[in-house]
Amino acid sequence: MLSQIMRYLFKPNAFMKAVIERHKKELGWPAVAPVIGIHVRRGDKVHGPKAEAKPHHLSEYMQHADRFMRSHGARHIYISTDEPNLLDEEGAAVPKSAALLFDRREYRVPEGSGWLASNHKSFNRTAEATNAIRNIWLLSHCDFFVGTISSFFGRASVLIGTGHGILEDFASVDEDPWGLFPHWSGPTGGELLEKCGACARYSYP
């Protein structure tokens, strides 16, 4: 299954394990309580001449997070994003009862991968890669996921989380353009890609 292959490929080595555990401790990651993972992709994915998708406001993600909080008793929300000012956006309301797991000190590049490619000498590529792997691994260890299934981070997190056997349910604020998740894709953009309980029974092509 593709989920098991992705899980194997992203399996952290000793260095990454130490990085991940240190970051979880800094964030206050709960040992037992369920976590909702949110990935918000911005940058060149949604802006500029090579944009591939439309931007979605944080409030759209929070609507689904609030649903998971009410239906499953989850309280902790982990947010991964390339937008440094995400939580400062107007109307970006985080549920008052939420325990937010978000590192404001993380180096983020809102210009996207195109800027990274053309300015590769001005940033630490090892640190950038480490951050990306760490974020995907943490998202894949969340009990619930909210993101954009059109994003690699979103697809990877769902697949690896399925491989872990941890992911209980997920929601996407956009539709699946590649048809990787036909059982949950809604007929219109923005519908939930739900019912992830069937993930364990579904063999990915």
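The following conversation explains how several descriptions of this predicted model are reached.

Visitor: What elements make up the chain, and how are they ordered?

Guide: The chain has 6 helices and 5 strands. From the N terminus on, they follow the pattern α-α-β-α-β-β-α-α-β-α-β. Of the 205 residues of the chain, 49% count as buried.

Visitor: How confident is the predictor in the chain, and where does pLDDT stay under 50?

Guide: The mean pLDDT is 78, and 73% of the residues reach 70 or more. Over residues 183–205, pLDDT stays under 50, although the model has 57 contacts there beyond four places in sequence. Where pLDDT is low, the predicted coordinates should not be read in detail.

Visitor: Why is Phe10 called buried?

Guide: Buried means under 20% relative accessible area. The value for Phe10 is 15%, so Phe10 counts as buried.

Visitor: What makes the pair of Phe10 and Phe152 tilted?

Guide: The structure holds 3 aromatic pairs. In the pair of Phe10 and Phe152, the ring centres are 6.4 Å apart, and the planes meet at 35°. Rings pair if their centres lie within 6.5 Å, and planes under 30 degrees apart count as stacked, over 60 as edge-to-face and the rest as tilted.

Visitor: How do you know that the span of helix α6 agrees with its number of residues?

Guide: The expected span is 1.5 Å times one less than the number of residues. For the 13 residues of α6 (residues 152–164) this gives 18 Å, and the end C-alpha atoms are 18 Å apart, so the two agree.

Visitor: What makes α6 largely enclosed by the rest of the structure?

Guide: 11 of the 13 residues of α6 are buried, and therefore the helix is described in that way. Among them are Gly154, Val158, Leu159, Ile160 and His164. Their cover includes α1 (2–9), β1 (35–40), α5 (125–140), β4 (144–147) and β5.

Visitor: What is found at the start of α6 and just after it?

Guide: At the start, a side-chain oxygen of Ser151 comes within 3.2 Å of the backbone nitrogen of Phe153. Just after the helix, Gly165 takes a positive phi of about 80°.

Visitor: Why is His23 called buried, and which residues does His23 touch?

Guide: His23 lies in helix α2. Its relative accessible area is 3%, which is under 20%, so His23 is buried. Leaving aside residues up to four places away in sequence, His23 touches Asp103, Arg134 and Leu138.

Visitor: Why is β1 described as largely enclosed?

Guide: 6 of the 6 residues of β1 are buried, so the strand is largely enclosed by the rest of the structure. Val35, Gly37 and His39 point one way, while Ile36, Ile38 and Val40 point the other way. In a regular strand the side chains alternate between the two faces of the sheet.

Visitor: How do you know that β1 pairs with β2 and with β4?

Guide: Two strands pair if there are at least two bridges between them. β1 is joined to β2 (residues 76–81) by 6 bridges and to β4 by 3 bridges, so each case meets the requirement. β1 runs parallel to β2 and parallel to β4. Val40 has Thr81 of β2 as its bridge partner, and Ile38 stands opposite Val146 in β4.

Visitor: Why is Glu175 called partly exposed?

Guide: Glu175, in the segment after β5 (169–172), has a relative accessible area of 42%. This value lies between 20% and 50%, so Glu175 is partly exposed. Glu175 and Ser150 are 25 residues apart in sequence, yet their C-alpha atoms are 7.0 Å apart in space.

Key. Residues are numbered from 1 along each chain as its sequence is written. Side-chain values use heavy atoms; hydrogens and water are left out. Helices (H or I, at least four residues) and strands (E, at least two) are DSSP runs, numbered from the N terminus. Buried means under 20% relative accessible area, exposed over 50%, partly exposed in between (1.4 Å probe, protein chains only). Contact means heavy atoms within 4.5 Å. A polar contact is a pair of N or O atoms within 3.5 Å; within protein, one must be able to donate a hydrogen and the other to accept it, and residues adjacent in sequence count only if both atoms are side-chain atoms. Rings of Phe, Tyr and Trp (its six-membered ring) pair if their centres lie within 6.5 Å; planes under 30 degrees apart count as stacked, over 60 as edge-to-face and the rest as tilted. pLDDT is the predictor's confidence in each residue, from 0 to 100.
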